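Subject: Handover of a structure

Dear colleague,

Please find below the sequence and structure that I am passing on to you. A description of what was found follows directly after it.

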Amino acid sequence: MSESPNVLIAVGNTTEGEIPQQNYKNIFTEFNIASFNTESDADFYNTTIRTSSTDEGSDFDIYGFMPGNYKYTYDSSIQQIVDFFQRDDHIEIVVCDILSINPLFKTYQYIHPQSLTNNIPFFIKQSIKNKIQFVNEKLLFQNQLNKLQQEGHTIFHIASPLISLAQS
């Protein structure tokens with residue numbers, strides 16, 4: 001990968017269209033804003049990954065997929081994910097632990113990527129973006145991760161809560 005890879009984050013159904021700032025400079029974010037867009041999250045993610053390019057016209061190096069109720073835990077969350085991808089060319093899929101933010105407390109959610117019930121955000125390299133085809137279903141992220149794993153791709157796990165889930 002280049003010195004500073006371009007990263008595209010697709011954020012699912014949300015009313016805000018805003019995500020906390022990151023220190024990483026080559027990050028681009030697309031939102032599925034409920035009041036402007038009537039397509040399902042699956043259609044939104046598929047369209048975003050198929051039609052994405054930077055202002056210079058080049059593809060992105062890393063793609064991230066997050067539901068609308070998730071945020072970055074730290075200003076450096078994306079930088080840490082990019083750094084992890086750059087450790088080895090064989091790293092194609094990355095997940096991380098989650099910080100659950102409840103109204104009165106915060107808890108860590110340690111993620112096991114092979115769990116059948118973890119519908120968690122994930123990040124992929126550009127080299128496998130054409131293997132992604134979201135289907136509008138309850139566990140759309142987990143089913144994609146399971147499919148990629150069945151195709152022989154290893155899911156790498158960052159044991160740090162780089163992403164937060166706002167619980168209501």
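Strand S3 (residues 62-66) is mostly covered, as five of its five residues are buried. Buried here means under 20% relative accessible area, exposed over 50%, and partly exposed in between, with a 1.4 Å probe and protein chains only. Helices (H or I, at least four residues) and strands (E, at least two) are DSSP runs, numbered from the N terminus. Please note that this is a predicted model, in which local features need pLDDT of at least 70 and side-chain atom pairs count only at pLDDT 80 or more, while totals for chains, interfaces and linings use all residues. Residues are numbered from 1 along each chain as its sequence is written, and side-chain values use heavy atoms, with hydrogens and water left out.

In a regular strand the side chains alternate between the two faces of the sheet. From S3, Ile62, Gly64 and Met66 point one way and Tyr63 and Phe65 the other way, and all are buried. S3 pairs with strand S1 (residues 7-14) in the parallel sense over five bridges, with Ile9 opposite Gly64. Strand S7 (residues 122-125) runs antiparallel to S3 and is joined to it by four bridges; here Ile62 stands opposite Lys125. Two strands are taken to pair if DSSP finds at least two bridges between them.

As for the chain overall, it has three helices and eight strands, in the order β-β-α-β-β-α-β-β-β-α-β along the sequence. Of its 168 residues, 49% count as buried. Contact means heavy atoms within 4.5 Å. Among contacts between residues at least 6 apart in sequence, 67% join residues at least 24 apart.

In helix H2 (residues 77-85), the buried residues are Ser77, Ile78, Ile81, Val82, Phe84 and Phe85. They lie on the same side of H2 because they cover an arc of only 160 degrees around the axis, the arc being that of the directions from the helix axis to the C-beta atoms. In helix H3 (residues 140-150), Leu140, Phe141, Gln142, Gln144, Leu145, Asn146 and Leu148 are buried. The buried residues of H3 pack against helix H1 (41-51), S3, strand S5 (93-101), S7 and strand S8 (155-166). After H3 comes Gly152, which has a positive phi, near 100 degrees.

The largest nonpolar core has 45 residues, of which Phe65, Ile78, Phe122, Ile124 and Phe134 touch the most other members. Such a core is a set of buried Ala, Val, Leu, Ile, Met, Phe, Trp, Tyr and Cys residues joined through side-chain atoms within 4.5 Å. Leaving aside neighbours within four places in sequence, the contacts of Ile124 include Ile62, Tyr63, Phe65 and Phe85.

Finally, the whole structure holds 13 aromatic pairs. The pair of Phe44 and Tyr45 is tilted, because the ring centres are 5.5 Å apart and the planes stand at 55 degrees. Phe134 and Phe141 form an edge-to-face pair, 5.9 Å centre to centre with 70 degrees between the planes. Rings of Phe, Tyr and Trp (its six-membered ring) pair if their centres lie within 6.5 Å; planes under 30 degrees apart count as stacked, over 60 as edge-to-face and the rest as tilted. Phe134 is buried at 3% relative accessibility, and Phe141 is buried at 1%. Ring pairs link Phe44, Tyr45, Phe65, Phe122, Phe134 and Phe141 into a cluster.

With kind regards
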